[in-house]
Amino acid sequence: PLYLSIHGKKGEGKTFQTLRVCSKYRLTVYYISGAQLCGSYEKDSIGDIEENLNRALHQFQTAREISVFIIDDFHLSIASTEVGVGRTVNSQILTGFLMNLADKAKAMKHARIPFILLGNDFNNLYDPLTRDGRMDFFEWKPTLKEKSEIVCCHFDDVISESEKSKLRNIVATYKDKPI
């Protein structure tokens with residue numbers, strides 16, 4: 001599948017950790033928020049995605065630079081079928097484009113740029129977009145230890161180990177709250 005969907009409770013560090021891993025492995029990130037997919041005119045967002053996709057493919061072919069697209073808050077995007085979210089011509093065109101992009105990616109032998117979709121709840125996404133072969137799902141559900149490590153990562157360069165211990169205690173005290 002072209003799309004890896006990472007979904008879980010809000011405020012649990014999905015975006016932070018994903019960007020951190022991409023940075024660690026020196027991946028070039030093309031970041032898009034779900035709101036940016038709306039665009040002012042039909043096909044605006046498609047043009048932006050295609051332009052960046054072509055740039056990423058060119059960079060891979062010429063410099064072997066590995067890239068990834070990250071669409072943050074995808075559950076709030078035009079691909080949502082949640083009650084009260086209107087469907088426009090733009091949303092239908094973009095959803096069709098994303099499905100077509102996933103289908104075309106299967107045929108690409110040499111290079112393809114993966115998409116990571118981040119969000120809180122993907123139950124209301126347009127069903128054909130989420131089918132097998134187009135999208136894989138990963139539920140982000142960090143343990144208390146993982147939550148502590150996510151919080152400590154924010155302060156890696158500025159606090160000592162003893163201060164990190166205090167942070168871990170704070171996280172444990174508020175273990176049922178978002179990070």
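1. The lining of the largest pocket, in what is a predicted model, divides by class into 10 nonpolar, two polar and three charged residues. In all, 15 residues line this pocket, and those that lie nearest its centre are Leu 53, Leu 57, Leu 101, Lys 104 and Met 108. The space inside the largest pocket comes to about 230 Å³.

2. As for the elements behind that lining, helices α2 (44-63) and α3 (89-107) each contribute at least two residues to the largest pocket. The largest share of the lining belongs to α3, which provides five residues.

3. The second largest pocket holds about 160 Å³ of space, and its lining consists of His 7, Gly 8, Lys 9, Glu 12, Glu 139, Trp 140, Lys 141, Pro 142 and Lys 147. Sorted by class, the lining of the second largest pocket has five charged residues, together with two nonpolar and two polar ones.

4. Helix α1, which spans residues 14-24, has four buried residues, namely Lys 14, Gln 17, Thr 18 and Cys 22. Why can these be said to share one side of α1? They lie on the same side because the arc they cover around the axis is only 135°. On the face of α1 that is turned away from this buried side, one finds the exposed residues Ser 23 and Lys 24.

5. What, then, covers the buried residues of α1? The covering elements include the strands β1, β2 (28-33), β3 (67-72), β4 (115-119) and β5, as well as the helix α4 (144-153). After α1 comes Arg 26, and a student checking the backbone may note that the phi of Arg 26 is positive, near 55°.

6. The largest nonpolar core has 29 residues, and the members that touch the most others are Tyr 3, Ile 49, Phe 74, Leu 98, Phe 115 and Leu 117. Strands β2, β3 and β4 and helices α2 and α3 are the elements that give two or more residues to this core. Helix α3 supplies the largest share of the core, seven residues, and α3 also gives the largest share of the lining of the largest pocket. Apart from this core there is another one, of eight residues, and among them are Ile 6, Ile 116, Trp 140 and Ile 150. Trp 140 is also one of the residues that line the second largest pocket.

7. Ser 67 lies in strand β3. Is this serine, Ser 67, buried or exposed? Its relative accessible area is 3%, and because buried means under 20%, Ser 67 counts as buried. If residues up to four places away in sequence are not counted, Ser 67 touches Thr 28, Tyr 30, Ala 56, Ile 113 and Pro 114. Of these contacts, Tyr 30 stands 37 residues apart from Ser 67 along the chain, while the C-alpha atoms of the two are separated by 7.4 Å.

8. Ser 148 belongs to helix α4, and with a relative accessibility of 7% this residue, too, counts as buried. Which residues is Ser 148 in contact with, once its neighbours within four places in sequence are left aside? Under that condition, Ser 148 is in contact with Arg 168 and Val 171.

Terms used
Residues numbered from 1 in each chain as written. Predicted model: local features only at pLDDT ≥ 70, side-chain atom pairs only at ≥ 80, totals over all residues. Heavy atoms only, no water. 1 Å grid on protein atoms, 1.4 Å probe; cavity = no way out; pocket = protein on both sides within 12 Å on 5 of 7 lines; lining within 4 Å. Points joined across faces, edges and corners; volume = space filled by probe spheres on them. Nonpolar A, V, L, I, M, F, W, Y, C, P; charged D, E, K, R; others polar. Buried < 20%, exposed > 50% of the residue type's maximum accessible area, 1.4 Å probe, protein only. Arc of directions from axis to C-beta. Contact = heavy atoms within 4.5 Å. Core = buried A, V, L, I, M, F, W, Y, C linked by side-chain atoms within 4.5 Å.
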